[in-house]
Every structure is written in structure tokens, then in C-alpha cells.
Amino acid sequence: LHYPLRRQRQMCIRDRARTNIARISIALGRFEDALTVLEKYSSDEDAYTHELKGDALSGVGNDDLALQQYQSAFEKYTDSGLRNLVELKINNLNTNE
């Protein structure tokens, strides 16, 4: 029982580190680096990962895929404040078209 818990905690720390690296890369304008890090996630990511992917895709000018990621994040977020933030990002992309 101890080993599976330790393994799960290590995976959680690794995933958190990837998320932080991607967030910092986006803040530095290194969108391709962020996308590379985020590619390591499976197809059933959490809402925050979708949002980060949307930010990175928007940064490289791929607004269509960014919009898809933001919509996935919006659907998965349960917090109204986070949903509102993603909705602003969606609206911003729609006004740029």
C-alpha cells in the first residue's frame, strides 16, 4: 500500500512541475516550449491544462485550436471565476477574427 501512494504522489509532483514550466514558458513568450511540455499530458487533462494549451496556441497564432482548448477548459471548470476568465479569453479570440 505504501508504494502505490508514493508513486501517485511522485506523478502528481511531476505533473505540477510540467504545468509550472508551461506557465512560466508562456509568461516568457516561449509558446512552443510550453506546447512541448504540455504534449506529455494525456487526452483527458484537467481544465487548467486545457487553458494553458489555449494560451500557448494563441501565442503561436493558432486561434482555432486555442479556441477548442479554451472551450474544453470552460466545460471542465466548476469555479465560476475561472469559467469567467476563460470566457474572456474565448471572447477575445472571437473579436480578433
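**View 1. The exposed face of helix α2 in the predicted model.** Turned away from the buried side of α2, one face of this helix carries Glu32 and Thr36, which are exposed (over 50% relative accessible area, where buried means under 20% and partly exposed lies in between, with a 1.4 Å probe and protein chains only). The model is predicted, with local features needing pLDDT of at least 70 and side-chain atom pairs counting only at pLDDT 80 or more, while totals for chains, interfaces and linings use all residues. Residues are numbered from 1 along each chain as its sequence is written, and side-chain values use heavy atoms, with hydrogens and water left out.

**View 2. The buried face of helix α2.** Within α2, which spans residues 31-38, the buried residues are Ala34, Leu35, Val37 and Leu38. Seen down the helix axis, these buried residues fall within an arc of 160 degrees, so they line one face of α2 (the arc is that of the directions from the helix axis to the C-beta atoms).

View 3. Of the 97 residues in the protein chain, 32% are buried. Among contacts with a separation of 6 or more, 40% join residues 24 or more positions apart (contact means heavy atoms within 4.5 Å).

Conventions. Helix = DSSP H or I, 4+ residues; strand = E, 2+ residues; numbered from the N terminus.
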